[in-house]
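Please look through the sequence and the model below before reading the notes that follow.

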Amino acid sequence: MHAGLAEAMDYVEEKRKELLQSFAGVPGDRLSRRATPDGWSVAEILEHLRMGEAGIARLITKRVGQAREAGLGEETSTESVLPAFDQHSARLERGSMQAPTTVLPRSDIDISDAVEGLEGSREALRAAAVAASGLSLGEIKHTHPVLGELDLYQWLIFVGQHEGRHKKQIERTLKSIPE
């Protein structure tokens, strides 16, 4: 795997590890309860993350296929790809955002199904990354509904940032739900 892609995927994997640790050992019934009627349970947050990650895996697979058909060249840059997302990080950290309807979780999601779904979406993302390896992913762009135009490295970094944002939401939710 190319160094930039490996760096982005290492970041994504680290954020997943942190996410899973944020609710490790918490009983399943607490993870399925909402802190407020209009808030999400931990299971719903995980389902939202699964939906988003699965969509991004499909996006990467599709755009990489199109780029290969168009004859996109190999990646030649050896620079770090993580700083390319810095301009978007602050926007993700500010205030609350409204999730698009395409990634709204169903309210009856079981925590074990949510965790299993996350494992499946991560496998799809890993497969998309393997298929993308070697291509100049900084040249493949797709518009994010909130952040604007992102290249595929930035889309991968977004997955990690998004999970980091929701890890904080999980921690707040668990503090608000009685044991």
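This is a predicted model: local features need pLDDT of at least 70, side-chain atom pairs count only at pLDDT 80 or more; totals for chains, interfaces and linings use all residues.

Residues are numbered from 1 along each chain as its sequence is written, and side-chain values use heavy atoms, with hydrogens and water left out. Helices are DSSP runs (H or I, at least four residues) numbered from the N terminus. A residue is called buried under 20% relative accessible area, exposed over 50%, and partly exposed in between (1.4 Å probe, protein chains only).

**The nonpolar core**

- A nonpolar core is a set of buried Ala, Val, Leu, Ile, Met, Phe, Trp, Tyr and Cys residues joined through side-chain atoms within 4.5 Å.
- The largest such core has 30 residues, and Ile60, Val64, Leu125 and Leu137 are the ones that touch the most other members.
- At least two residues of this core come from each of helix H1 (3-21), helix H3 (42-70), H5 and helix H6 (152-176), and H6 gives the most, with 7 residues.

**Salt bridges**

- A salt bridge is a side-chain nitrogen of Lys or Arg within 4 Å of a carboxyl oxygen of Asp or Glu, and a search of the whole structure finds 15 of them.
- Glu14 and Lys17 meet in a salt bridge with an N to O distance of 4.0 Å, and both residues lie in helix H1, 3 residues apart, which is about one turn of the helix.
- Glu14 counts as partly exposed because its relative accessibility is 37%, and Lys17 also counts as partly exposed, at 45%.
- Arg16 forms a salt bridge with Glu163, with the closest N and O atoms 2.5 Å apart; because Arg16 lies in helix H1 and Glu163 in helix H6, the pair ties together parts that are 147 residues apart in sequence.
- Arg16 is buried, with a relative accessible area of 6%, and Glu163 is buried as well, with 1%.
- The side chains of Glu44 and Arg34 meet in a salt bridge at 2.7 Å, N to O; Glu44 lies in helix H3 and Arg34 in the loop between helix H2 (28-31) and H3, so the pair ties together parts that are 10 residues apart in sequence.
- Glu44 counts as buried at 1% relative accessibility, whereas Arg34 is partly exposed, with a relative accessible area of 38%.
- Salt bridges that share partners join Glu13, Arg16, Glu53, Arg122, Glu123, Arg126 and Glu163 into one network.

**A negative surface patch**

- Asp110, Asp113, Glu116 and Glu119 form a negative surface patch, where a patch is made of residues with over 30% relative accessible area and no salt bridge, like charges being joined within 9 Å and nonpolar side chains (Val, Leu, Ile, Met, Phe, Trp, Tyr) within 5 Å.
- Asp113 lies in helix H5 (residues 111-132) and counts as partly exposed, at 40% relative accessibility.

- Ile170 lies in helix H6 and is buried, with a relative accessible area of 0%.
- Ile170 and Thr101 are 69 residues apart along the chain, and their C-alpha atoms are separated by 20 Å.
- Ser176 lies in helix H6 and counts as partly exposed, at 48% relative accessibility.
- Ser176 and Thr36 are 140 residues apart in sequence, yet 8.5 Å apart in space, C-alpha to C-alpha.

Definitions and conventions
Accessible areas come from the Shrake-Rupley method with a 1.4 Å probe; for residues, only the protein chains shown count as cover. Lys and Arg count as positive and Asp and Glu as negative; His and the chain ends are not counted. The place of a charge is taken as NZ of Lys, CZ of Arg, CG of Asp or CD of Glu.
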